[in-house]
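Subject: Structure handover

Hello,

Here is the structure for you to look through. My notes on what was found in it follow below.

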Amino acid sequence: MPSHKLLEQMFLDHYKEWCLKSFSYVENMDDAQDVVQNVFIKLLQKENLSHVIDIHKYLNVAIRNESLKKIKKSRETFQLNNQSTEVPSHESELIKGEVSENMLRELEALPEQNKRVFTLCVLEGNKYESAAEIMGITVNTVKYHLKKSFKSLRINLKDVYLWFL
């Protein structure tokens, strides 16, 4: 069973990456952060994780599944409450615009291959195999470029995330 220290370190090291992964599904940063935090809470509450061989892979799958559950739940909620009474404030719109602008600027600063792979896989939702076929590269090369993109974005957007949190 992974120790609490190991889980804590993984949370600190990969939180932003997993939030971006969840965001690619739920399209809302608050929901993405909730998803990642909920996955870790559930994991910490489990008494026996001896069956987990690769905790990193386990967490990636859990975050994807939890994100999909969040989407399903939000669709059901939307059907029940399809009229919003909340009026977005001018300040929140400015903040969203600034965060989006920073993210777009960092995406544009990525090397061309990384940007193309990130766009295909994360923004357009293509599978690795499909992106590899479109670009004429291997699936492992797609994974490599995606990993480099997430790492670069995580480093360059850390101030935005700290401010955003």
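Leu 146 first. Setting aside neighbours within four places in sequence, Leu 146 is in contact with Val 117, Phe 118, Cys 121, Val 122 and Tyr 128. Contact here means heavy atoms within 4.5 Å.

Before going on: this is a predicted model, so local features need pLDDT of at least 70 and side-chain atom pairs count only at pLDDT 80 or more, while totals for chains, interfaces and linings use all residues. Residues are numbered from 1 along each chain as its sequence is written, and side-chain values use heavy atoms, with hydrogens and water left out.

**Helix 5 and helix 7**

Helices are DSSP runs (H or I, at least four residues), numbered from the N terminus. The axes of helix 5 (residues 112-123) and helix 7 (residues 139-156) come within 8 Å and cross at roughly 95°. Axes are lines fitted to C-alpha atoms, for helices over the stretch in contact, and angles run from 0 to 180 degrees between N-to-C directions. Helix 5 contributes Gln 113, Asn 114, Lys 115, Val 117, Phe 118, Cys 121 and Val 122 to the contact. From helix 7 come Val 142, His 145, Leu 146, Lys 148, Ser 149, Phe 150 and Leu 153. By type, these residues are eight nonpolar, four polar and two charged. Ala, Val, Leu, Ile, Met, Phe, Trp, Tyr, Cys and Pro count as nonpolar, Asp, Glu, Lys and Arg as charged, and the others, Gly among them, as polar.

Buried means under 20% relative accessible area, exposed over 50%, and partly exposed in between (1.4 Å probe, protein chains only). Beyond neighbours within four places in sequence, Asn 114 is in contact with His 145, Lys 148 and Ser 149.

**Aromatic pairs**

Rings of Phe, Tyr and Trp (its six-membered ring) pair if their centres lie within 6.5 Å; planes under 30 degrees apart count as stacked, over 60 as edge-to-face and the rest as tilted. By this rule there are four aromatic pairs. In one, the rings of Phe 11 and Phe 40 have centres 4.9 Å apart and planes at 80°, so the pair is edge-to-face. Phe 11 lies in helix 1 (residues 4-26) and Phe 40 in helix 2 (residues 29-45), so the pair ties together parts 29 residues apart in sequence. Phe 11 is partly exposed at 25%. Phe 40 is buried at 5%.

Phe 118 and Phe 150 also pair edge-to-face, at 5.5 Å centre to centre and 70° between the planes. This pair links helix 5 with helix 7, 32 residues apart. Phe 118 is buried at 4%, and Phe 150 is buried at 11%.

Phe 11, Tyr 15, Trp 18 and Phe 40 form one aromatic cluster.

**Core**

A nonpolar core is a set of buried Ala, Val, Leu, Ile, Met, Phe, Trp, Tyr and Cys residues joined through side-chain atoms within 4.5 Å. The largest has 35 residues. Trp 18, Val 36, Ile 55, Leu 59, Phe 118 and Leu 146 touch the most other members. At least two residues each come from helix 1, helix 2, helix 3 (55-80), helix 4 (90-109), helix 5, helix 6 (128-135) and helix 7.

**Glu 27**

Glu 27 sits in the loop between helix 1 and helix 2. Its phi is near 60°, a positive value in a residue other than glycine. Glu 27 is exposed, at 64% relative accessibility.

Best wishes
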